[in-house]
Amino acid sequence: MPGRSGLRKKHLQRGSSIVEGVIAILLICLILFGLLQVFLIYTAQEFTDYASFRTARSLSVGFNDTLARVEARTRAIPVSGSVLTPSDLKTTSYLDYFTSSTYKQSDGVYEYYYRLRRAIRNYMEGYRYMECEYWMGENSYETKLEGKFSRREDKVVSEVKFTNYPLRLPFARAFSSDEVQDISSTVELRNHSKVYLEN
């Protein structure tokens with residue numbers, strides 16, 4: 001009967017359209033998450049380059065290693081995970097403010113960033129301690145921020161490195177065999193400390 005065979009063909013075509021749609025959606029998600037992961041790694045690399053440059057600049061004008069390490073850490077805060085210390089910044093992530101009643105009542109996001117900015121300034125001035133998730137290697141990925149500095153008569157060298165920086169987005173294993181990646185930057189500048197420091 002011709003009527004029944006036409007219905008079967010339509011039914012089979014409908015099933016193949018669903019399969020094709022699912023495959024296309026998976027492919028689009030794979031490409032989208034891949035681009036986002038590349039963007040996040042690129043951002044981490046840019047901030048690591050900036051941290052390394054600022055550290056070398058600090059060394060070139062005569063700062064000691066402790067202050068250079070503080071400079072490296074503060075410049076890498078945007079890609080260093082969540083803030084663990086001070087504890088008043090640890091309890092809430094900025095995303096929680098958008099979904100909670102706190103945000104509706106008191107502009108919590110602005111208050112959070114205001115307190116974060118003050119904490120960073122106090123940490124740089126030595127009044128307060130600060131700790132981020134990726135600084136000490138105590139998170140699940142054992143991510144650690146390291147700074148190596150060397151001085152010579154004519155130049156200073158700064159190397160800032162994230163070991164085991166996490167790839168956290170879905171489908172990250174499709175692009176890399178590991179869930180982590182090392183990100184490093186080395187900057188070399190002339191040593192001008194004699195001009196700035198008195199003997």
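Colleague: What is the mean pLDDT of the chain?
Modeller: The mean is 82, and 81% of the residues reach 70 or more. pLDDT is the predictor's confidence in each residue, from 0 to 100. This is a predicted model: local features need pLDDT of at least 70, side-chain atom pairs count only at pLDDT 80 or more, and totals for chains, interfaces and linings use all residues. Residues are numbered from 1 along each chain as its sequence is written, and side-chain values use heavy atoms, with hydrogens and water left out.

Colleague: Where does pLDDT stay under 50?
Modeller: Over residues 91–105. The model has 17 contacts beyond four places in sequence for that stretch. A contact means heavy atoms within 4.5 Å. Where pLDDT is low, the predicted coordinates should not be read in detail.

Colleague: New topic. How many strands form the open sheet, and in which order?
Modeller: Three, in the order β3-β4-β5, with antiparallel pairing. The edge strands are β3 (144–151) and β5 (180–190), each pairing on one side only. The twist averages 10° from one strand to the next. Strands here are DSSP runs of E, at least two residues, and helices are runs of H or I, at least four, numbered from the N terminus. Two strands pair if DSSP finds at least two bridges between them.

Colleague: How many bridges do β3 and β4 have?
Modeller: Eight. These two strands form a hairpin with three residues between them. Lys148 has Glu159 in β4 as its bridge partner.

Colleague: And β4 with β5, how many bridges?
Modeller: 10, again antiparallel. Lys161 stands opposite Ser184 in β5. Ser158 stands opposite Val187 in β5.

Colleague: Which strands does α2 lie across?
Modeller: β3 and β4, running at about 140° to β3. Axes are lines fitted to C-alpha atoms, for helices over the stretch in contact, and angles run from 0 to 180 degrees between N-to-C directions.

Colleague: Now the largest nonpolar core. Which residues touch the most other members?
Modeller: Val83, Leu116, Met130, Trp135, Phe162 and Tyr165, out of 26 residues. Such a core is a set of buried Ala, Val, Leu, Ile, Met, Phe, Trp, Tyr and Cys residues joined through side-chain atoms within 4.5 Å. Buried means under 20% relative accessible area (1.4 Å probe, protein chains only).

Colleague: Which element gives the most to this core?
Modeller: α6, with five residues.

Colleague: What does Met130 touch?
Modeller: Its contacts include Val83, Leu116 and Trp135, not counting residues up to four places away in sequence.

Technical notes:
Buried < 20%, exposed > 50% of the residue type's maximum accessible area, 1.4 Å probe, protein only.
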